[in-house]
Structure formats: structure tokens, C-alpha cells
Amino acid sequence: MNGLIKGMPEFINIIGKQQHSTHDSALDIHILRVLNGVMSNPKYESLPNSDKTILKLAVIMHDIAKPEGVNDANHPNTSALYADNIMQKYSFNAITKDRIYELIKNHHWLEHYNQGINDSKDTAALFRHKNDYLMSKIFCEADLKGISDYIYNLYSTLLSKENQTPVEEEINNINKNGQIIFTSKIIKDELIPRTEYKGKTYKVINFNDLPSDFDLEQFGFLAGTTPDNLRLLIHTAHTAENLRVTNHISDIANESFLCTSLVSLKEKATHWNKRFGVCLEGENVNISNASTSNQESLDKKDFKIFSDSLTNKNKLYFYRETLPKMVKSELNLSDDEYIQLYNQISETRYESQIKDDEIYHAGDKQISGMDIKNAVKKAGDSILQNEKHNEVNIYNPKTKAFIAKTDSIQEIPQSYLDFAFENNLPVFILGA
């Protein structure tokens, strides 16, 4: 307890806090019981250390905003928001923080599934990250036991394999058309050259000034990145104020679901050919679909629309087949074999994360890392070559740079430069 309070002083606020009558212990005791139940579950040991950390932190904070003595059905949401604020002081990466947030927000998933609030498709979308469904079941079992023996005995059968098989099948259906796109990543933006302009200092890369084989590792990109193989996801907007809104909603609590375009320095068509925007980074499991078509991705961009496009509940699902179909054809994979491959590489965001000589298994097939990279790049480049634009819909992306399709910084309106400066964003000049 002392160690927990030292690392997370906010925990002091729940010590001795009484819960509603269903619970037979105070809130701090309940949380410690759940943590003990999670860590003593044999399935917990099968998780990688990174996922163990995510699960432990989610458990510690899952009821942290719960009010005293009342049954508050909204406490998963408020606890997730509170936890999101707490997590800002820790050095975990954005993916880790977001997964902790989602596990807390959805820790009553079994109740919602049992009551028909969410069906198997909805539930599968909640746990689209690798291992999150297993983690949620370990969490849920321990949470039920941590309430009381009576509650656990009443609801534990809902966690049986028979009852959970439909969710597992829907997770496989999501992965059957799992998206894989390689983009370029800045890992050290302090290496980006500084440019003095109108009394301010900006971090600027003018790609017009660089040869196609220039080593962009010098400017903080991952090793092996060059202007020739640069790939970026770009969301454009009519005004700088629109970009401020986009930047604001990159917080997972805002449930942003955005349409972007995959661009290179040679092929940089964007929606309506707008010239200014932001470079976004996100996870493959958060890409719902990608194609050369304008997908008419609806005005309301939230998790519901994203979830429905993952699970064949809306018209956007049609576009979800575009990239996986190409990869399956290139590697001669069945749907089941692709699911197996995707489960191994779904967390891969950058080409350099796959070694050329590494062997992956899909059914009876052995596939080299080089073959996988070539197939994924070929599929991605095929949508780049559309004369109008391509559309990649992605949930909860993070803003990484300001983008200008101009030849110089002088051609960028001051309102956009102000946006980049205010948010300490690098300025990428891609050429007109």
C-alpha cells in the first residue's frame, strides 16, 4: 500500500471509502482484492510484461472516481477520464495510456453484453487490440470475485467458453480484414533543423531541398527512411482553426474518427486537394478501412461509427476489404491464414519493425519478413496512385507534424504557422 501511494498519491482518496450494499468491502480493499485476483490467475502469466503493466494499472484505477455509498453506473467512464489525467505524469507511450483508458472505460463489458446493450460485434470492437479480450476476461473474473462470493457465483457462468465464443468469432472476423499500413516515424524531433522566420523559430524540413536518397535518420526519423520511401497519413483542413480542433480531439477521451490520406512526396493527392493539414500517427488496429474511393465516412465521427465499420454494420465495411485482399493475393493466403499472420504483426506500425530474414507462420505456410513487407508496401502504394485521393479512416490518431503542400515556408499563411508554433509541431514542406 505504501508503495502504491508513493507512486500514485491519488489512491489516498479512496482508502476506506464505503461502497454500495452489493460490495462487502471498502473500495481500497476491493481494488487490492481484484489486483491479487488478476495476478494470481494462471492466464495472467501468459501475457507479455507490457500487457501485465497495462492490466495492473487499469485494475488499480478502474474504480478511482467511484462515489461513496451509491451505485453509479457511469463510474467506468469517470474513472477512465480520471485515470487519463493521472497517466499524463507517467512516461508510458500513447498506446499504453490509451489501452489503460479503454480497459477501465469498458470494465463493465460483461454486464453490457449480458443485457444486450452491446452485441458480440460491439464487444469484439472494444477489444480489437491483441490480448485485450483475454485481459478483459481475467479482469472481469477478478472484479466479480472482488465484489463478493455471491456476485461471482451469480454471474461467473457468463464467462464460460460457450457464452464467449461469439465474441471470439467476431474478433476473428475483424482480423480477417485487419489493416496493415506502414508509415514513417519521427523518433527524435530535436534533430529537425531550426528555421528563423518572422521573429520565431520553427522546426522545418523542406523536402524539396533534399535528394531522394537522403538519410532522414539525420533529422530524427527511423533508420532507413528517405524522401523516396516517406509515407505519411495526412488530414487536411480549410482553416488553421479546423486543425486546432483536429489536434484537440487526438485525446482518446474525445473518440475521434478521422479520414486521412496516405501520401508520399511523389503522390500527395489529398481530399479536394487541400494544401494544409496535419501528419497523424495511429495503430493498425485503429484503421477501419482504406481505399482509393471517397468513402463518404459520415459527419459524426465517433467510436460507434468506427466500431460499425470494423464489424460489417455500416456501408464503410465494403472498403475494409481493399488492402487485405491485395496482401492475401500477394502472399497466397486464405482468410484463416491471414488472421494468423495479422495476429503476429497487427502491432507493427513501421517497416523497420519486421526483419527481412524473420520467418512468420500462417497455417502450413512459412513467410519471410521481406515477403510480408513487400506485400504490405505494394498494397499501400496501390492506393497512393489514385489521381484524386485515397481515404484511410482511423480512430484516435495522434498529431505529429504540420503539413504544407508548398515549396517554401513563405507560402504558408501565418495562421497555419501560428498553429504549428503554438503546438510545437514540426513543419513538413512537401512541395506544391
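**View 1. The largest nonpolar core of this predicted model has 57 residues.** A nonpolar core is a set of buried Ala, Val, Leu, Ile, Met, Phe, Trp, Tyr and Cys residues joined through side-chain atoms within 4.5 Å. Buried means under 20% relative accessible area, exposed means over 50%, and partly exposed lies in between (1.4 Å probe, protein chains only). V38, L55, M61 and I100 have the most contacts inside this core. Helix α8, residues 132-147, gives the most to the core, with eight residues. Helices (H or I, at least four residues) and strands (E, at least two) are DSSP runs, numbered from the N terminus. A second, separate core of 28 residues includes F182, V285, L341 and A379.

**View 2. M61 and the residues it touches.** Leaving out residues up to four places away in sequence, M61 touches M8, S79, A83, I86, M87, I100 and I104. Contact means heavy atoms within 4.5 Å.

**View 3. V278 sits in strand β5, residues 276-281.** Is V278 buried or exposed? V278 has a relative accessible area of 0%, so it is buried. Its contacts include L233, I234, H235 and L243, not counting residues up to four places away in sequence. T246, T399, A401, F402, I403 and F419 are also touched by V278. In sequence, V278 and T246 are 32 residues apart. In space, they are 8.5 Å apart, C-alpha to C-alpha.

**View 4. N131 and N312 are two loop residues with positive phi.** N131 lies in the loop between α7 (120-126) and α8. Its phi is near 80 degrees, a positive value in a residue other than glycine. N131 counts as partly exposed because its relative accessibility is 24%. N312 lies in the loop between α12 (303-310) and α13 (317-320). Its phi is about 65 degrees, again positive although N312 is not a glycine.

View 5. Of its 432 residues, 55% count as buried. The C-alpha atoms fill a box of roughly 70 × 55 × 40 Å, taken along the principal axes.

**Notes on the views.** Residues are numbered from 1 along each chain as its sequence is written, and side-chain values use heavy atoms, with hydrogens and water left out. In this predicted model, local features need pLDDT of at least 70 and side-chain atom pairs count only at pLDDT 80 or more, while totals for chains, interfaces and linings use all residues.
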